[in-house]
Amino acid sequence: MPCLQVEDVTRLLDEPGVQACFYRDHPVPFVAGVESLSLVPAQTRSLKTLLSAAGASSMDIPDGRRHAFANINTPADIAGLAP
């Protein structure tokens, strides 16, 4: 996620009264306390299971920031990023 900015993560940290939070349809990035790991057995650990067990809330990606959550895996993906 090379277009992700500090503000994108800060929004998750600043969500009032929330212990765990992520952007809807994008489990990464997320914010959850370390104690959340103990809620999920080691053999079944996955981000979706962790977020569910932690009671994580989801928030919408802000207008104009959807491009920051693009899945980039190849040089062609990087070349296709909008400037």
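Which residues make up the largest nonpolar core? L12, C21, Y23, V31, M59, I61, A68 and F69, eight residues in all. A nonpolar core here is a set of buried Ala, Val, Leu, Ile, Met, Phe, Trp, Tyr and Cys residues joined through side-chain atoms within 4.5 Å. Buried means under 20% relative accessible area, exposed over 50%, partly exposed in between (1.4 Å probe, protein chains only).

A quick word on the model. It is predicted: local features need pLDDT of at least 70, side-chain atom pairs count only at pLDDT 80 or more, and totals for chains, interfaces and linings use all residues. Residues are numbered from 1 along each chain as its sequence is written, and side-chain values use heavy atoms, with hydrogens and water left out.

Back to the core. Take I61. Skip its neighbours within four places in sequence, and I61 is in contact (heavy atoms within 4.5 Å) with Y23, R24, H26, R66 and F69. Y23 and F69 are core members too.

Now H26. It is found in strand β2, residues 26–31; strands are DSSP runs of E, at least two residues, and helices runs of H or I, at least four, numbered from the N terminus. Buried or exposed? H26 counts as buried, because its relative accessibility is 19%. Beyond four places in sequence, H26 touches I61, R66 and F69.

Next, A32. It lies in the loop between β2 and α2. A32 has a relative accessible area of 26%, so it is partly exposed. Its contacts, again leaving aside neighbours within four places, are Q19 and A20.
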